[in-house]
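Subject: Structure for you to look through

Dear colleague,

Please find the structure below, followed by my notes on what turned up in it.

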Amino acid sequence: MDEKYYAEKIEKKWQQRWAERGTFEVNVDEEKEKFYCLEMLPYPSGRLHMGHVRNYSIGDALSWYKRLQGFNVLHPIGWDSFGQPAEQAAIKKGVNPRDWTEDNIEQMRDQLQRLGLSYDWSREFAAHRPDYYKFDQWFFLKMREMGLAYKKMTKVNWCPKDETTLSNEQASGGMCWRCGSAVEKIDLAQWFLKITDYAEELLTGMDQLEGNWSERVLTMQRNWIGKSSGAYVDFKLDLHDANIENDSIKVFTTRIDTIYGANSVVVAPEHPVVLENIERFSNDVKAKIKSMKTELLKPRDYGEEVEKDGVDTGLKAVNPFSGEELPVWVGNYVMMEYGTGAVMSVPAHDERDFEFANKFGLPIRQVISEPHLVHEHHQMQALALDKAFTEKGILVHSDDWNGKSSEEAKREMTEFAEKHGFGESAITYRLRDWGISRQRFWGAPIPIVYCDDCGEVPVPYDQLPVELPESAPFTGVGESPLAKAPEFVNTTCPQCEKGEARREIDTMDTFVDSSWYYFRYVDPKNEILPFDPNAAKYWIPVDQYIGGVDHAVMHLLYTRFWTKAMRDMGMIDFDEPVKKLLTQGMVVGESYYSDDHASYFPEDAVSIERDERGKVLSAKLKEDGMPVKVAVEKMSKSKYNGVDPDDMVLAYGADAVRIFALFAAPVENELVWQETGIDGAVRFLQRIYRYFYRWNDSPANFSGSEPSEFSAAARKLRRKTHQTIKRVTENFESGQFNTPVAALMELLNSMQDFSIEPENAEDGDLFAVNEAISSLLLMLTPYAPHLCEELWEIKTGSDIGIINSGARFPLVLEDWAKVDELEIAIQVNGKLRSRVFADPEADNSLLEKLALEDEKIIEHTAGKSIVKVIVVPKRLVNIVVK
């Protein structure tokens, strides 16, 4: 055994050994309980960042913990390798996106392996390879057969200069990200997946996820699905024109009880009633509508708050309850994609309508009141509203419904509308079908061909995959690059087998790839099916999924939809893909910048003064002493606050990097990267190594039966060992990954405080030390597997490794884990005055007696009357005096 700890030497040795032996490769084993641990698969951008390291370290620690508990652990990794960055690299650098992606995968795989992450690399796949996206296409065809995949005309973001569609991100602010042109909305035929068929099930399915998924994620998904219960109501247009197809405006409302307060009907700029009557409008109205369609692109698509704007069209619509004629407005806050694209504006009882009415001077009529403000004749006090009253209450100024509660009125008024043929009860969802068409090269081709004779024809299953061509002309403008690849586009119709046909030139959204990838891991070499249902039945659902909260309402919602669709295909027999979800916080770093944010500076250019806790007191440039600002921000090369994991591993070792990534903060919180913290992780590992070296040549490997007698020092060490086992086990089970490291550091301190030298140790001492060493190594393995494997090999004399040796996570002995004494705080009138120690089983009366007999307490209560004594069991005693 080397006298010193050489991290690089030890880590290379064990990484090579794990790879040669396939240590982490697993198969279905019905005799063992499975555990499927999964981190969100990475996009191969070229380099890992510290956010990756933290994410993967969490999953790796949990995987090791479960292996040591005897579980059959599946812990795979792959690559989400389709996507726009590869295509942009092709445009900017003139490289083939396939080559760019493969090079990045090779580089990032090397980085992951240098971290010693315990992946089953035999299951690795990449989404851009035909053996994977063949099954994207397979699923597309199945969904098309089920009526879940369909094509329709829809509005897309369009750059008129580059003649290309843009994603919402590329159209940010209503301007093309490449050329700066104003973005327009045009109609384009696009493929969709009918996720709305599962809206209610996606909503109710969250009940079984409660407690195991972040409440924040569940709330985001509920809001995204956006279920609303209410009614449709038809407002008849007063046009006196028999040639008009749409002679009424259908609105959806959740508050039909407020309909007597409606002052107008407000429709989206794209509403059919606007398009059909556009020639009736004045030029000013036409111009205003056009400006709302174009200038407000970003807020309308992103749902951001904007100043309300609108225009009165001059049209009139009749309130079917009151008979009142209401003006028809076009408003920028009404979206065609939600509800019916039209709302009844009730400013007294809706915040958006209130803002709109105030801006344009529209009347505000209150028709719902708080019960105590309603007079016996169902009138109410005249109050000037400074904001909308959005609560439920009692109806007023509402004819036959005056005096009824909101709930009673909603039910009766909906029934009245249904009976008289101008309305009906309804449930609507904010969720819209998932548009999967992308006008890009680097994605899975959609397996459809178009034949002049046969029309739209699916590619037969036995002709999958439809492969991408080797390359295509990448200009960044115009339609999809695939349109310029005749060897791809031109084909023969698979149905009539004689007519010339054209392939679909759109590719699939990359979220398709990531919606089912964890099913592919269970059977990655299958050439016939996406996976063997029997393998899926053993391994899935995923037991623990780990990733960022930024995927809450896209990836995590799509993957739940995909699972339910696969269930309906008969491939699986469960509803939800993931049992437990952990969303980790971001890794951030300090950045140093000028007052005007115009310049950022690298850390080595800045002189920094910190307090004892590491907080920055002052910062200035070394060169000229100019003061600079300090902020904690998302890591970025441009801000000089990024950290390369390779540099950290080379300088400190993979085990130290992993320990710091998990120890520095609770995993749900932001982690501020500081190299001073990683220094502490290195020192901790060095201390363990030195302690082991000290006892290794002694009889510390005592492995006989438990002695009958222990010295006081041995008893103390055994108690600390089992208290630590209990604490670390509970922490792992509750998803806490930072506190076990603190517990292990405390255990090491107790081991080093053990007062008996190896040469003077009795059997009880040797047993206690050996138990502490073994327990420490096994509990530390999830964090520092390389060092623990090395020391375990030296300790046991076997080179087969911890997992193959059958070693198990230590079990707590409850009798030894009991606390010897409790420290009880003693307060006088709420102020801490002393502390006493008591047996853990001491009852309240004994704690009160110990407190009153304490010398310091006697001093603080002398000459005063004791009013009462409050005992908080096992924690404190508060003596109230006057």
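Leaving aside residues up to four places away in sequence, which residues does E793 touch? Please bear in mind while looking that this is a predicted model. E793 touches K13, W14, R17, S798 and D799, and E793 itself is found in helix α24, which covers residues 785-796. With a relative accessibility of 14%, E793 counts as buried. Salt bridges that share partners join E793 with K13, R17 and E790 into one network.

Salt bridges

The structure holds 53 salt bridges, and among them is the one in which the side chains of E324 and R365 meet, at 3.0 Å from N to O. E324 lies in the loop between β9 (310-318) and β10 (325-331), while R365 lies in the loop between α11 (351-360) and β12 (368-369), so this pair ties together parts that are 41 residues apart in sequence. E324 is partly exposed at 30% relative accessibility, and R365 is also partly exposed, with a relative accessible area of 29%.

Another salt bridge brings together the side chains of R502 and D452, at 3.5 Å from N to O. Because R502 lies in strand β20 (residues 500-503) and D452 in the loop between β17 (448-451) and β18 (455-458), the pair ties together parts that are 50 residues apart in sequence. R502 is partly exposed, with a relative accessible area of 38%, whereas D452 is exposed at 65%. A further salt bridge links E633 with K639, whose closest N and O atoms are 3.1 Å apart; here E633 is buried, with a relative accessible area of 17%, but K639, at 24%, counts as partly exposed.

A buried arginine

R255 is found in the loop between β7 (248-253) and β8 (264-267), and at 14% relative accessibility it counts as buried. Its side chain makes a polar contact with the side chain of D257, at 2.9 Å. When residues up to four places away in sequence are not counted, R255 touches M344, I368, T390, E391, K392, S406 and K410.

In soluble globular proteins, nonpolar side chains tend to be buried together. The largest nonpolar core here has 96 residues, and those with the most contacts inside it are V657, I659, W673, F737 and L780. Helix α23 (residues 763-780) gives the most to this core, with 11 residues. A second, separate core of 93 residues includes L218, Y521, V522 and V578.

A hairpin

Strands β26 (residues 606-610) and β27 (residues 616-621) pair in the antiparallel sense over 5 bridges, and the bridge partner of E609 in β27 is S618. The hairpin of these strands has 5 residues between them, and G614 takes a positive phi near 90° there.

C493 is buried, with a relative accessible area of 1%. By this rule the count comes to 0 disulfides, and C176 is likewise in none, since the nearest cysteine sulfur, that of C159, is 3.7 Å away. C176 is also buried, with a relative accessible area of 4%.

With best wishes

Technical notes: Residues are numbered from 1 along each chain as its sequence is written. This is a predicted model: local features need pLDDT of at least 70, side-chain atom pairs count only at pLDDT 80 or more; totals for chains, interfaces and linings use all residues. Side-chain values use heavy atoms; hydrogens and water are left out. A disulfide is a pair of cysteine sulfur atoms within 2.5 Å. Buried means under 20% relative accessible area, exposed over 50%, partly exposed in between (1.4 Å probe, protein chains only). Helices (H or I, at least four residues) and strands (E, at least two) are DSSP runs, numbered from the N terminus. A polar contact is a pair of N or O atoms within 3.5 Å; within protein, one must be able to donate a hydrogen and the other to accept it, and residues adjacent in sequence count only if both atoms are side-chain atoms. Contact means heavy atoms within 4.5 Å. A nonpolar core is a set of buried Ala, Val, Leu, Ile, Met, Phe, Trp, Tyr and Cys residues joined through side-chain atoms within 4.5 Å. Two strands pair if DSSP finds at least two bridges between them. A salt bridge is a side-chain nitrogen of Lys or Arg within 4 Å of a carboxyl oxygen of Asp or Glu.
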